[in-house]
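Here's a quick walk through a few spots worth a look in this model. Have the viewer open as you read.

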Amino acid sequence: MGAKVGVFPASGALGSSIVNHLAKLVPESDLVLVARRPEQLHDIKQAGATVRKADYDEPSTLDTAFNGVDVLMLVSYASFEIDHRVKAHRYAINAAIKSGVKHIFYSSLGFGGDLTNQSIAHVMGAHIETEKYFSSLKETVSYTSVREGLYTESFPIYTAFYDLENPADEVTIPHSGTGPGVAWVKRDELGEATAKLIVSYLKDPASFEYLNKAVLFSGPREISLAETVEIIGRAVGKSLKIREISVDEYVNLPGIGDKQTYHGVNLSREWASAWEAIRRGEAAVVSPVLREILGREPESFETTIKAMVG
């Protein structure tokens, strides 16, 4: 019987990708998959994984969710609030410690430049606070913060929710498109590399390179937002450009407030800080680590976008 590896939440986009790749690398019987909707994990349960029900928004469900788990992959709470996310993460971390988890991998985000602990992006706030919490606990539980680069599939939230199936003629955002860009990365390659990182820890915890550290996974090149939009335009057959607007105009665009409201609070103005972070180069760092762990060149933004258009 090998070390038990837990994943929570195991049914979201990144979580399920990590699970699918882990299942190719370790026996399914060593996996403990925790999800709000465990029925979505039926196939892997059939293959021998332990499946449990728990929910960030029902903290007491986490109290025993990680029992028997040696290594936990904690996927961050899906939102971009700060206080609510930090509280959810802390509860899960504390529950894991009480259950005897020895090491926690945490899915952070690729803002903050070259692994700094500062970011102007509101969406990064909870990650930085959670990383600080891990650092304060390193005598109790070891950790690795995986700064998952901005994934290609998330481009709509940086392009005013541009819809590939109903493509508009321009992208209206509070950014000119010039200057430092984004090292976009395919989400499933983040999942694959994260799974391989976990397995490298399992093989030799004592010499694991990223013990009590952060690691940045990024795509193969930095792409300005102007070029990002041009590539999307080519994929949908349009000559697409950015029209820069003010933050006030962005906040008042139709539907934006609805899409960026969490727990009854409209955070579209806070979200706009992501463009300022991009402007400052926080998402532009190209790290070689993803390529090294995958053993190949990561897929290009263009290739992933073309496949999304189908």
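Predicted model: local features only at pLDDT ≥ 70, side-chain atom pairs only at ≥ 80, totals over all residues.

Residues are numbered from 1 along each chain as its sequence is written, and side-chain values use heavy atoms, with hydrogens and water left out.

Let's start with E192, which sits in helix 5, residues 187-203 (helices are DSSP runs of H or I with at least four residues, strands are E runs of at least two, and both are numbered from the N terminus). E192 is buried at 11% relative accessible area; buried means under 20%, exposed over 50%, and partly exposed in between, using a 1.4 Å probe and protein chains only. What does the side chain of E192 make a polar contact with? Its partner is the side chain of R296, at 2.8 Å (a polar contact is a pair of N or O atoms within 3.5 Å, one able to donate a hydrogen and the other to accept it). Skipping neighbours within four places in sequence, E192 is in contact (heavy atoms within 4.5 Å) with S17, H21, L294 and R296.

Now for the backbone. Most residues other than glycine have a negative phi, and most peptide bonds are trans. F8 and P9, though, are joined by a cis peptide bond with omega about -15 degrees, and P9 is in the loop between strand 1 (5-8) and helix 1 (13-25). Two non-glycine residues with positive phi, A160 and F161, are in the loop between strand 6 and strand 7.

| Residue | Phi | Relative accessible area | Class |
|---|---|---|---|
| A160 | near 55 degrees | 19% | buried |
| F161 | about 60 degrees | 23% | partly exposed |

Finally, the holes. A search of the whole structure turns up two cavities of 30 Å³ or more; a cavity is a set of points on a 1 Å grid over the protein atoms alone where a 1.4 Å probe fits but cannot get out, and lining residues have an atom within 4 Å of a point. The largest cavity has a volume of about 60 Å³, the volume being the space filled by probe spheres set on the points. Its lining includes G110, L150, S218 and E282. The second largest cavity holds about 40 Å³, and among its lining residues are G219, P220, R291 and P298.

Definitions and conventions:
1 Å grid on protein atoms, 1.4 Å probe; cavity = no way out; pocket = protein on both sides within 12 Å on 5 of 7 lines; lining within 4 Å.
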